[in-house]
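Here are my notes on this one, in the order I'd go through them. Have the structure open while you read.

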Amino acid sequence: MTNGNNDTEALQSVGPGNNGGDGLVAARHLFHFGYNVVVYYPKKTDKPIYQNLQKQLHALHISFVDDFTGALSKADVVIDAIFGFGFNGNVRAPFDTVLDVLKNVKIPIAAVDIPSGWSVEKGDPGNGIKPDLLVSLSAPKRGVEKYTGKHFLGGRFVPPDLADEMGFNTPWKSHGGTEQCVDISQWLKL
Ligand SMILES: NC(=O)C1=CN([C@@H]2O[C@H](COP(=O)(O)OP(=O)(O)OC[C@H]3O[C@@H](n4cnc5c(N)ncnc54)[C@H](O)[C@@H]3O)[C@@H](O)[C@H]2O)[C@@H](O)CC1
């Protein structure tokens, strides 16, 4: 993603769990990167951390919308922060409709951690959404092994001892640097 300008509208679709929490944080960042952000957050939780994140977005005058399809028709990009690794079973309303709409959308989809509706272990259920961009957090999950779009790894949270114990090599471990986000689109194909 490049820097936005006030003409670029990003629709942030936010789920009920921590993946949605990431989405609320991303909404704040996108605002500060210059995007015109609107948030679809139909299942809000009462936990203080989520209330505080919403408060931060209200302070930025970011709009919260109820009409997902209407908001989508005006958006230039949609961010999928509905479900991450806590998703299982059949998608319940209202997200069943939202994911169905996202399967046919023409604008780019950027997904947080795992494309919503994919299994953390088994991946795309076959007719899942196909995001153009995926940002995996801490480490790519088994389920996105066959993901073919643009793929970034974000979140430098993994202690080296744990990485060694689990047998995975982060790009930062081999390359150092100061980036918070690294393009691993080719990395997984090696
Ligand atoms: N736990 C961690 O260490 C971290 C988690 N993070 C984020 O948190 C995500 C995992 O968060 P959670 O464990 O809260 O799980 P998710 O946010 O992936 O999903 C759980 C929520 O979705 C609902 N849900 C699950 N299956 C559903 C279905 N079939 N239909 C409708 N609703 C359904 C659950 O009721 C719950 O509210 C990660 O993917 C990542 O994005 C990151 O913030 C980094 C740290």
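Predicted model: local features only at pLDDT ≥ 70, side-chain atom pairs only at ≥ 80, totals over all residues.

1. Helix H1, residues 18–32, gives the most to the shell around the ligand, with 4 residues. There are 22 residues around the ligand, and those that come nearest are Gly17, Asn18, Asn19, Gly84 and Gly86.

2. What is the shell made of, by class? I'd note 10 polar residues, 9 nonpolar ones and 3 charged ones around the ligand.

3. Now the fold. The protein chain has 8 strands and 6 helices, and reading from the N terminus the elements go β-α-β-α-β-α-β-α-β-β-β-α-α-β. The radius of gyration is 16 Å, close to the 16 Å the globule rule gives for 190 residues, so the chain is as compact as a globular protein of that length. Along the principal axes, the C-alpha atoms fill a box of roughly 45 × 35 × 30 Å.

4. Looking at contacts with a separation of 6 or more, 65% come from residues 24 or more positions apart.

5. Last, the inside. The largest nonpolar core has 41 residues, and the ones touching the most other members are Ala10, Leu11, Ala27, Val37, Val39, Val78 and Ile79. Which residues does Val78 touch, leaving out those up to four places away in sequence? They are Leu11, Ser13, Leu72, Leu102, Val105, Ile107 and Ile109.

Key:
Residues numbered from 1 in each chain as written. Near = placed C-beta within 6 Å. Helix = DSSP H or I, 4+ residues; strand = E, 2+ residues; numbered from the N terminus. Nonpolar A, V, L, I, M, F, W, Y, C, P; charged D, E, K, R; others polar. Rg over C-alpha atoms; globule rule 2.2 N^0.38 Å. Contact = placed C-beta atoms within 7 Å. Core = buried A, V, L, I, M, F, W, Y, C linked by C-beta atoms within 7 Å. Buried ≥ 20, exposed ≤ 12 C-beta atoms within 10 Å, placed from the backbone.
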